[in-house]
Amino acid sequence: MFQRLREDINSVFARDPAARNFLEVLTNYPGLHALLVHRLSHWLWQKNLKWLARTLSSLARWFTGIEIHPGATIGRRFFIDHGMGVVIGETAEVGDDVTLYQGVTLGGTSWNKGKRHPTLEDGVIVGAGAKILGPFTVGAGAKVGSNAVITKEVPAGATVVGIPGKVVKRDEPDTVTPLEVDPERREAMRRKFGFDAYGVSQDMPDPVARSMQAMLDHMHAVDERIERMCSTLRQIDAGFRDGRLPELRDEDFANILADVDTCCGPQEGTDKSDSDDSKPERQDPEPRRRQNG
């Protein structure tokens, strides 16, 4: 027992530079206190003394601000830094050398019996305020960013951020064939749509910026395909080469413009001359002036 206690205290020294001596860690670290009480309550839970186990865990929550269900399985060298607001559910499983920061929740998304809470494999680090919800596995060595909300499995060694959580880094990244894009045409496309997504480095872990980059690359590919189609059509049909649209004439819209003037004329009490002065004069077509006269 004392060997296990020394191991837990040494894990605090290894992961918290603020720890100064053995006595300070033993008396002033609520994460360590909650872990020691959980070991006792978990033993009582396995002995079917469930009421006593729950009562002990509730007392630990009052004193430390950390709630660990007695049914949860906790590995060795588990470290909760600061700890206030940490919640670990009944069917959660935590491996060795796992680190949690304040406000972390290992929760469930179902009211059904059975496995409802996540499994954290060895070496996982979960940032402050993160929520890991559901009966899935967070792979060994994975890192969960602060305030992230994770609802699906995380690969080993991956880094996950955002709401909902998105993988921004992997130990073994997927092999994707890079899209060959002419830098000058890409810059022209950026100016056309007025978005500077390419001002963000490709190495930046921003999933939104990467999504916008992928969309602009796709627009570039579509634009290039349309240009090739138009070039082929010009070779087939000489009339397509001009590419002019039919000219719009005021005479074609004379009746519509008259209806607009009728519906949107000046209101009562408004000087028509003032209204006319506030807008640029429109040259009405000659056929309509004769008709109104």
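**Salt bridges, sheets and cores**

K115 counts as partly exposed, with a relative accessibility of 35%. In this predicted model, the side chain of K115 meets that of E93 in a salt bridge, at 3.5 Å from N to O. E93 sits in strand 5 and K115 in the loop between strand 7 and strand 8 (119-120), so the pair ties together parts that are 22 residues apart in sequence. E93, for its part, comes out as partly exposed at 37% relative accessibility.

Another one links R76 and E7, whose side chains meet at 2.9 Å, N to O. R76 belongs to the loop between strand 2 and strand 3 (79-80), while E7 is in helix 1 (residues 2-15), so this bridge ties together parts that are 69 residues apart in sequence. R76 is partly exposed at a relative accessible area of 35%, whereas E7 is buried at 18%, and the cut-off for buried is under 20%. Through shared partners, salt bridges join E7, R76, R77 and D97 into one network. A further bridge brings the side chains of R61 and E67 to 3.4 Å, N to O. Here R61 is partly exposed, with a relative accessible area of 34%, and E67 is partly exposed too, at 30%.

As for the overall fold, the protein chain has nine helices and 15 strands. Four of the strands make an open sheet with parallel pairing, in the order 2-5-8-11. Strand 2 (73-74) and strand 11 (137-138) stand at its edges with a single partner strand each, so one side of each has no neighbour in the sheet. Strand 2 pairs with strand 5 (residues 93-94) in the parallel sense over two bridges, and T73 stands opposite E93, the residue that bridges to K115.

T73 also turns up on the contact list of H42: leaving out residues up to four places away in sequence, H42 touches P70, G71, A72 and T73. H42 has its place in helix 3 and counts as buried at 17% relative accessibility.

Five other strands form a parallel open sheet, ordered 1-4-7-10-13. Strand 1 (67-68) and strand 13 (149-150) take the edge positions, each with a single partner strand, so one side of each is left without a neighbour in the sheet. Within this sheet, strand 7 (residues 105-107) and strand 10 (residues 131-133) run parallel and are joined by three bridges, with G107 opposite L133.

Turning to the interior, 31% of the 293 residues in the protein chain are buried. The largest nonpolar core has 30 residues, and those with the most contacts inside it are F78, I88, L100, L106, L120, V126 and I132. Setting aside its neighbours within four places in sequence, V126 contacts T99, L100, Y101, V104, L120, I132 and V144. A second, separate core has eight residues, including L5, I9, V12 and F79. Of the chain's contacts between residues at least 6 apart in sequence, 33% join residues at least 24 apart.

L49, W51 and L52 form a nonpolar patch on the surface, with about 360 Å² of accessible area together. L49 lies in the loop between helix 3 (30-46) and helix 4 (50-64) and is partly exposed, at a relative accessible area of 42%.

How values were computed:
Residues are numbered from 1 along each chain as its sequence is written. This is a predicted model: local features need pLDDT of at least 70, side-chain atom pairs count only at pLDDT 80 or more; totals for chains, interfaces and linings use all residues. Side-chain values use heavy atoms; hydrogens and water are left out. Patches are made of residues with over 30% relative accessible area and no salt bridge: like charges are joined within 9 Å, nonpolar side chains (Val, Leu, Ile, Met, Phe, Trp, Tyr) within 5 Å. Accessible areas come from the Shrake-Rupley method with a 1.4 Å probe; for residues, only the protein chains shown count as cover. A salt bridge is a side-chain nitrogen of Lys or Arg within 4 Å of a carboxyl oxygen of Asp or Glu. Buried means under 20% relative accessible area, exposed over 50%, partly exposed in between (1.4 Å probe, protein chains only). Contact means heavy atoms within 4.5 Å. Two strands pair if DSSP finds at least two bridges between them. A nonpolar core is a set of buried Ala, Val, Leu, Ile, Met, Phe, Trp, Tyr and Cys residues joined through side-chain atoms within 4.5 Å.
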